[in-house]
Structures are given as C-alpha cells and as structure tokens.
Amino acid sequence: MTAQDRRQGARAGTTAVVTGGGRGFGKAFGAALAREGAAVVLVDVDAGAVEEAADDIRRSGGSARGFAGDVTDETAMATIMAEAAEIHGGIDVLINNAGLHSDEYSRPIREMGLPKVRRLLEVNVVGVIACTLAAHPYMAGRSGACIVNIASAAAHLGGTAYGTSKLAVAGLTVTFARELGADGIRVNAISPGMIATDTIRAELPDAVKERVKAMQYIDTDGAEADIVDAMLYLTSDRARFITGETLRVTGGMAAGV
C-alpha cells in the first residue's frame, strides 16, 4: 500500500464482496468497508434492497455496486464473482453474511417441516460453500485476502435447526481455513449474540430478550457496531495470523472452551 493509498483510506485499492448486503448486518458491513476505502460489491436476493444499499454508499462518497442473486444459485454466484473481479481486478474480502434467521427458523424441526429445514440449510450452509468456491479463484494469491463467515451464538447453544445450520458454518470456517491457507486466504467467522437491531426488537418477545440477556456476563445490550468492529478487525492486517477461528461477540452468553 502506498502513502497515497493510506491517505485515501486503509482499504483503498481493495475489493470486498458482501452477501446479504441489502439490509441488516450486510448493509452495515458494506458501508463500513466503503468508508475505509474499499470498492464494495453487495449481493442480495432482494434486487430493490441491494440497489438502495449501494446507492446509499455512493451518496456518501463510497464505491459500491449491487447485484441481485440467490447465494444458493451456483451459476449466478460464479457470474457475479467473475464480474466483480473483472471490474475491480480481483476480490480481496468476502463476507458470507446472507442467511435465513429470526423466530421463524428457530422452531422445532418437527414443526418447521422438511421443506423449510431444507431451505434453511441451503441458504445458511450451501450458500457459504457456493460463494466461497465462486470467489476463490479471484482471491487466491492476493495479499491480505480473507473471508469472514457469519455464524451465530445459537451455534454454540444447540437446540434448533437454525443453530445447527450456524454450527455448520463454524465447521466450514475451519475446513476452508485449512483448504485455502495455501493460497494465502484467511477464513474466520463471527458468532453474534443478541444484538439490538430493528429485527430483534420487532420479532423477539420481551420475555425472550430478558431471558437471553440474563445469560450474558455483561449486563448491556449488544449493538450492530460491535459486529461491524469485529468484522473490520478480522479483515484487517491486525488479524494476519488468525485463521480458522470463530469470534463470539455475545457478551459472554455463548462463552465456552
């Protein structure tokens, strides 16, 4: 990185792809990376939301493009990653954020039924694989290349199909860290705890929020910025010797060894 790059931003000259980039964590990740100078590529199944998120970044002076696509569609992801790499000269960061979540997917498997469970696993697990494989050729050998997968505190607590899908994401993080390390690509994950987003406020009953908060070691509400900061750390040179790890940002709720 040149002195000019440093003046322009810590991530000037880099390209970051964020799936599920139309809203929530994904939108916040894209905005944060763009503020640091990265050219951001947002991918989301909701075409309107992803283009609006990209517009927001551009209006703030950042570089962003939005692509509509389902992360389970192998062909679509291969096309998007190839186009992003052609436009920007490669891919440096991949954030596998797209996923199905909320109360709807935290119910007993017998209640959910196989079609809904299958869709959950397709998006949360197969989607991570599809996007990683599609991005890999354009990340291999690039200095500082890294992937961050978004797991969940539920992965470490057990008891739901959603938690099981995110446990698989933590497992894939180790697998891909081992497989892609030879190409200079670090792979880590973040397990967010209960974060006070608009979705959580709207969907979780107060009794559930109180019960979960009582499990924390820290008596404070988690914020979206806590997850964004964790992502910025894991994708920075400060984390250059960290790979195959899942960082639990849960206020201690999902602490374990």
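Buried means under 20% relative accessible area, exposed means over 50%, and partly exposed is in between, with a 1.4 Å probe and protein chains only. At 23% relative accessibility, His136 therefore counts as partly exposed. This is a predicted model, in which local features need pLDDT of at least 70, side-chain atom pairs count only at pLDDT 80 or more, and totals for chains, interfaces and linings use all residues. Residues are numbered from 1 along each chain as its sequence is written, and side-chain values use heavy atoms, with hydrogens and water left out.

Start with the sheet. Helices (H or I, at least four residues) and strands (E, at least two) are DSSP runs, numbered from the N terminus. Two strands pair if DSSP finds at least two bridges between them. Seven strands form an open sheet in the order β3-β2-β1-β4-β5-β6-β7, with parallel pairing. β3 and β7 (246-249) stand at the edges. Each has a single partner strand, so one side of each is left without a neighbour in the sheet. From one strand to the next, the twist averages 15°. Axes here are lines fitted to C-alpha atoms, for helices over the stretch in contact, and angles run from 0 to 180 degrees between N-to-C directions.

Now look at β2. All six of the six residues of this strand (residues 39-44) are buried, so β2 is largely enclosed by the rest of the structure. Both of its faces are covered. Ala39, Val41 and Val43 are buried on one side. Val40, Leu42 and Asp44 are buried on the other.

β2 has a partner in β1 (residues 15-19), and the two pair in the parallel sense over five bridges. Ala16 stands opposite Val40 in β2. β2 also pairs with β3 (residues 63-68), again in the parallel sense, over six bridges. There, Leu42 stands opposite Gly66 in β3.

Helices link these strands. A crossover is right-handed if, with the strands pointing away from the viewer, the path from the first strand over the helix to the second runs clockwise. β1, helix α2 (residues 24-35) and β2 make a right-handed β-α-β unit. The chain then crosses from β2 through helix α3 (residues 47-59) to β3, and this β-α-β crossover is right-handed.

Contact means heavy atoms within 4.5 Å. Helix α4 (residues 74-88) lies across β1, β2, β3 and β4 (93-96), and runs at about 160° to β3. Met77 is found in α4. Its relative accessible area is 0%, so Met77 is buried. Not counting residues up to four places away in sequence, Met77 touches Val43, Gly69, Asp70, Val71, Cys131 and Ala134. Helix α6 (residues 114-139) lies across β1, β4 and β5, running at about 180° to β4.

Further along the sheet, β5 (residues 146-150) and β6 (residues 186-192) run parallel, joined by five bridges. The bridge partner of Cys146 in β6 is Arg186. Ile147 lies in β5. With a relative accessible area of 2%, Ile147 is buried. Leaving aside neighbours within four places in sequence, its contacts include Leu94, Thr132, Leu180 and Val187.

Helices also pack on each other. Two packed helices are described by the angle between their axes and the distance between the axes. Angles under 35 degrees count as roughly parallel, over 145 as roughly antiparallel, 65 to 115 as roughly perpendicular and the rest as oblique. The axes of α6 and helix α8 (residues 161-180) come within 8 Å and cross at roughly 20°. α6 and α8 are therefore roughly parallel to each other. Where they meet, the residues include Leu121, Val125 and His136 in α6 and Ser165, Leu172 and Leu180 in α8.

His136 itself lies in α6. Leaving aside neighbours within four places in sequence, His136 is in contact with Leu180, Asp183 and Ile185. His136 and Asp183 are 47 residues apart along the chain, and their C-alpha atoms are separated by 9.0 Å.

A further helix pair is α2 and α11 (residues 224-234), which pack at an angle of about 55° with their axes 10 Å apart. α2 and α11 are therefore oblique to each other. Their contact involves residues including Phe25 and Phe29 of α2 and Ile227 and Met231 of α11.
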